[in-house]
Amino acid sequence: MVKIDLITGFLGSGKTTFLRKYASYLITQGQNIGILENDFGAVNVDMMLLGDLRGDNCELEMISGGCDADTHRRRFKTKLISMGMCGYDRVIVEPSGIYDVDEFFDTLHEEPLDGWYQIGNVITVLDSNLEENLPEGADFLLASQAANAGCIILSKTQETTEPDQKNAVDHLNRALEKIGCKRQFDKVFAKDWDKLTDEDFKKLLSCGYRMENYLKPDLTQEKTFQSLYFMNMHLTEVKLQEAAQKLFSDKSCGNVFRVKGFMKNEKEQWIELNATQKNLVISPIKMGQEVIIVIGEQLVEDAIRSCLEV
């Protein structure tokens, strides 16, 4: 059977960065892997960030598009069926940061996937610089994505203090309590990802998963979260940073959780934007697609566009 892992975590937690480390290690161990980027949006930005992993031992697949939940689930199952025929040693699924984890488990317990795949590890990435005040829907997703994890791994530990990291774990535990989950995390994996050792990866590869019960509120991804896409935007790097900061502070835009995307700067070099309320990073990248994606609640497209067109 093919091992299948889920790398999950809330918006902006750093899933794709961790996935690069995880997948690269597996490739060096000679494993033949498939990576499935499972997103709800019309453009899958994270897929572009993994392009250089593609090779003899790694293939990338993608599900994207603004389809309804049932259609998305059928596409997920269809894609896993086709990947099950490719002879992979392991498949790694990275979903959207607003993903309902139940879909992963429910789909893999359906025929024929239940006879082809063995669930290996569920690893949840937790932002060690987590925002303190999250709305109900965000707290539910944060908790539900961690409830069944074999391991919680903190991101951005080199940028935060131990009290910051403790606050993030405490917030997660409070979110778990709110949904009636008895599980609490007193130990998490907290280490600079650039310093992960063979022993660290061996522990992660054997962390497994758990099945926990919790209450699911009457919240749907469609009602709670939105993703707006702005194509062919042309801003200088300074203007891009200013616009992203304004999106978070200007309440006429709605409640913005995350801004990400690519564009060319004034030197015609590709740059990547990855921003949350607490953290904004603009970095060079080899290639991209001119798009800015804004994710949040009650978003106002015209107000957001005005911020981006200054």
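Author: A helix here is a DSSP run (H or I) of at least four residues, numbered from the N terminus. In this predicted model, D114 is found in helix 5, residues 113-116.

Reader: Why is D114 called partly exposed?

Author: Buried means under 20% relative accessible area and exposed means over 50%, with partly exposed in between. D114 has 38% relative accessibility, so D114 counts as partly exposed.

Reader: Which residues is D114 in contact with, leaving aside its neighbours within four places in sequence?

Author: D114 is in contact with M1, L108 and H109. M1 is 113 residues apart from D114 along the chain, and their C-alpha atoms are separated by 9.4 Å.

Reader: What makes helix 6 roughly perpendicular to helix 7?

Author: Helix 6 (residues 136-147) and helix 7 (residues 162-178) pack at an angle of about 95°, and their axes are 8 Å apart. Angles of 65 to 115 degrees count as roughly perpendicular, so helix 6 is roughly perpendicular to helix 7.

Reader: Which residues make the contact?

Author: Helix 6 contributes D139, L142, A143, A146 and A147, while helix 7 contributes H171, L172, A175, L176 and K178. By class, the residues of this contact are seven nonpolar, one polar and two charged.

Reader: What makes F18 and Y22 a tilted aromatic pair?

Author: Rings pair if their centres lie within 6.5 Å, and planes under 30 degrees apart count as stacked, over 60 as edge-to-face and the rest as tilted. The rings of F18 and Y22 are 5.6 Å centre to centre, with 35° between the planes, so they form a pair and the pair is tilted. Both residues lie in helix 1 (residues 15-28), four residues apart, about one turn of the helix. F18, Y22 and W193 form one aromatic cluster. The count for the model comes to seven aromatic pairs.

Reader: Are F18 and Y22 buried or exposed?

Author: F18 is at 0% relative accessibility and Y22 has a relative accessible area of 1%. Buried means under 20%, so F18 counts as buried, and so does Y22.

Reader: How do you know that C58 is in no disulfide?

Author: A disulfide is a pair of cysteine sulfur atoms within 2.5 Å. The nearest cysteine sulfur to C58, that of C86, is 12 Å away, so C58 is in no disulfide. C58 is buried, with a relative accessible area of 1%.

Reader: What about C181?

Author: For C181 the nearest cysteine sulfur is that of C151, 16 Å away, and C181 is in no disulfide. C181 is buried, with a relative accessible area of 4%. A search of the whole structure finds zero disulfides.

Note on methods
Residues are numbered from 1 along each chain as its sequence is written. This is a predicted model: local features need pLDDT of at least 70, side-chain atom pairs count only at pLDDT 80 or more; totals for chains, interfaces and linings use all residues. Side-chain values use heavy atoms; hydrogens and water are left out. Axes are lines fitted to C-alpha atoms, for helices over the stretch in contact, and angles run from 0 to 180 degrees between N-to-C directions. Helices (H or I, at least four residues) and strands (E, at least two) are DSSP runs, numbered from the N terminus. Angles under 35 degrees count as roughly parallel, over 145 as roughly antiparallel, 65 to 115 as roughly perpendicular and the rest as oblique. Contact means heavy atoms within 4.5 Å. Ala, Val, Leu, Ile, Met, Phe, Trp, Tyr, Cys and Pro count as nonpolar, Asp, Glu, Lys and Arg as charged, and the others, Gly among them, as polar. Buried means under 20% relative accessible area, exposed over 50%, partly exposed in between (1.4 Å probe, protein chains only). Rings of Phe, Tyr and Trp (its six-membered ring) pair if their centres lie within 6.5 Å; planes under 30 degrees apart count as stacked, over 60 as edge-to-face and the rest as tilted.
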